[in-house]
Amino acid sequence: MPVRGTKLVARNIVKYGGQFLKTVNSTMKKVSVIMDNQITKNMSLEDHTLQQLKALGHPYAAKHGPRGIPIHDPYWQVHKRTGELIRSKERGTDDASINFGQLKAGAYVRLDDKKAEHANYIIFGTSKMIPRPLLIGSLNQVKDKAFKVIKTNLKDLTMRFVTT
Amino acid sequence: MTAEEKVLEKLRNVLIADSDINGYVEGRVYLDHPSTIGEPKYPAISFSITQSIADVSVPTQSSIEIQIDIWLDSTGYSSQDLLILHRKIRSLLHRANLSDTTLDLLAQMTLESLVGPVMYEEDTKLLHLPLRYKVVAI
């Protein structure tokens, strides 16, 4: 039986104390790891050297079309070079909180453009290079898996709220 | 025309019809990336489809993710102009229902999903602001 209405959620969270928020936080941490693993995989291609990409006619040049020359699938995957881009990656969670009866929590993975200046140019493209939506593309790949983790970890707790 | 082509055509028509936007771009709302155009001129707006998924349960429906790029020559414009154009585009497209019978578009809902950073290209001296929109078209 699902929880319906913010009053019910708020009342039960008060009753059960901080344990619920701890469970939400640990679940979101699992989600962030799922996202991180997928993003790392998608930005670690080592199947082409820079010389090979040049010989292929710069596959990510936008003059070849919105997805460049298809040399891998999905087209937005990124090759690993110096490792700077991977080192710029950060993952974390926004602590669960209750505001006006609404539960808020979050998990994120981001690239820090102060650590890797070229990160934004890869993700959003340039006047010559296609955008490669690596982060959102990776998230779409693991969305179902992440939802399943949330459902599995929070379902029992949610049901307990209703039945007591 | 494919669903994607219809959507881009509609978005282009909406942006060009706005006098503030057209005051900047003078008709240069490109349906493709500017590098596919011989000698692109700026200011300009261009579209790129980053994802397109046909809905299996509704054969004529497509969910499309579009990047809308605003390009300005930094020698004549500032990042403030980028933000003015962004505000205008958002007011026209965010949460808009852009049905158009002349394009055989029954329903097209658009939603702004992301506003990228203001970027600068040293070699071309271009200012660039990428926006992402989700579009559901039938």
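Tutor: Gladly! Keep in mind that this is a predicted model. Let's begin with strand β5 (residues 108-115) of chain B, which is joined to β7(B) by seven bridges, the two running antiparallel. One example is B:M109, whose bridge partner in β7(B) is B:V136.

Student: What makes β5(B) and β7(B) a pair of strands?

Tutor: Pairing takes at least two bridges. β5(B) and β7(B) have seven, so they pair.

Student: How do you know that β6(B) pairs with β7(B)?

Tutor: Three bridges join strand β6 (residues 119-121) of chain B to β7(B). The cut-off is at least two, so these strands pair as well. B:Y120 has B:L127 as its bridge partner there. β6(B) and β7(B) form a hairpin with four residues between them, and B:K125 in the turn has a positive phi of about 60°.

Student: Which strand does β7(B) meet through 12 bridges?

Tutor: That is β3(B), and the two run antiparallel. Here B:I70 stands opposite B:L129.

Student: Why is β7(B) called largely enclosed?

Tutor: A residue is buried if 20 or more other C-beta atoms lie within 10 Å of its own. In β7(B), 10 of the 12 residues are buried, so the rest of the structure largely encloses this strand.

Technical notes
Residues numbered from 1 in each chain as written. Chains lettered and ligands numbered in written order. Predicted model: local features only at pLDDT ≥ 70, side-chain atom pairs only at ≥ 80, totals over all residues.
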